[in-house]
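Please open the model in your viewer and keep the sequence panel beside it. The stops below say what to select next and what is there.

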Amino acid sequence: MTYLVDLIAPRSWKDGIWKGIAFVFLVNLLNFFTTILVRGIPFNAAPEIINTTIVAIPFVMIALGSLYHQRALQQKLTLLATTDMLTGLPNRRAFLARTTEVTQGGQTGALLLLDADHFKMINDTWGHSVGDVCLAAIADRLRRTLRPGDIAGRLGGEEFSIFLPGATVEQARAIGDRLCRTIAVEAEGADRDVRLTMSIGASFGESSTPLDRLMAQADRALYRAKAEGRARMVFWSDPVNDPPDPDIPLRYRLA
């Protein structure tokens, strides 16, 4: 049903005119076959077409108008279901779905998990309204930094995630370094600019690497970035004294 509504509903007034003409033509065609084949009487073309068209036009307009509004409602519901309203980024479910689609298509790339440093202190000091402004500022930083085709989303709270399709490790590091730079936020309710940074954990995936494995690796790298002083990016593959086991499940799951 959703597919039919999306297919038939007009997308503009010009599209509505053309589809209206097509439906009126189909109604006349149906009337022609009904008159000749079912009723078995001659078809008087001019009067029949005029009368059928006059009767059909209002119903076609009402039907197309209803489908237009139904399509707009479906788009709004889809937006609400897939978008984080505070930041305007895709929510967790939408981010995982889009990234899964890309990775299952054989695309390599880098996965980044981002967490705002000392965010609880910001909320405790200035209140959640200032915290919300900071989250919106982080989302704006992501949009201004990422390349066309990159996928960003808010996983929840102060946690964000990015997938960089086709990026090399060096390109991912360059993007991560820019994202780690201090963000100065001017927010009503704060007695001075709020300065916040982000810690980033990253993993690099081949075409056959499952997304949940990438998430687990990036999550461990994020914990290392926090432990090493915050405001930095750490790749899961970076050498450490005691490398974590990537098969141990962590917080992130695709379910």
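Helices (H or I, at least four residues) and strands (E, at least two) are DSSP runs, numbered from the N terminus. This is a predicted model, in which local features need pLDDT of at least 70 and side-chain atom pairs count only at pLDDT 80 or more, while totals for chains, interfaces and linings use all residues. Residues are numbered from 1 along each chain as its sequence is written, and side-chain values use heavy atoms, with hydrogens and water left out.

Begin with Thr99, which sits in helix α4 (residues 92-104). Thr99 has a relative accessible area of 0% and is therefore buried (under 20% relative accessible area, with a 1.4 Å probe and protein chains only).

Next, select helix α3, residues 45-82, whose 38 residues reach 52 Å from the first C-alpha to the last, close to the 56 Å expected at 1.5 Å a residue (1.5 Å times one less than the number of residues). At Ala56 this helix bends by about 30°, and Pro58 follows within four residues; the bend is the angle between axes fitted to the seven residues ending at a residue and the seven starting there. Colour Thr52, Ala56, Val60, Leu64, Arg71 and Gln74 to see residues of α3 that are buried.

Notes: Buried means under 20% relative accessible area, exposed over 50%, partly exposed in between (1.4 Å probe, protein chains only).
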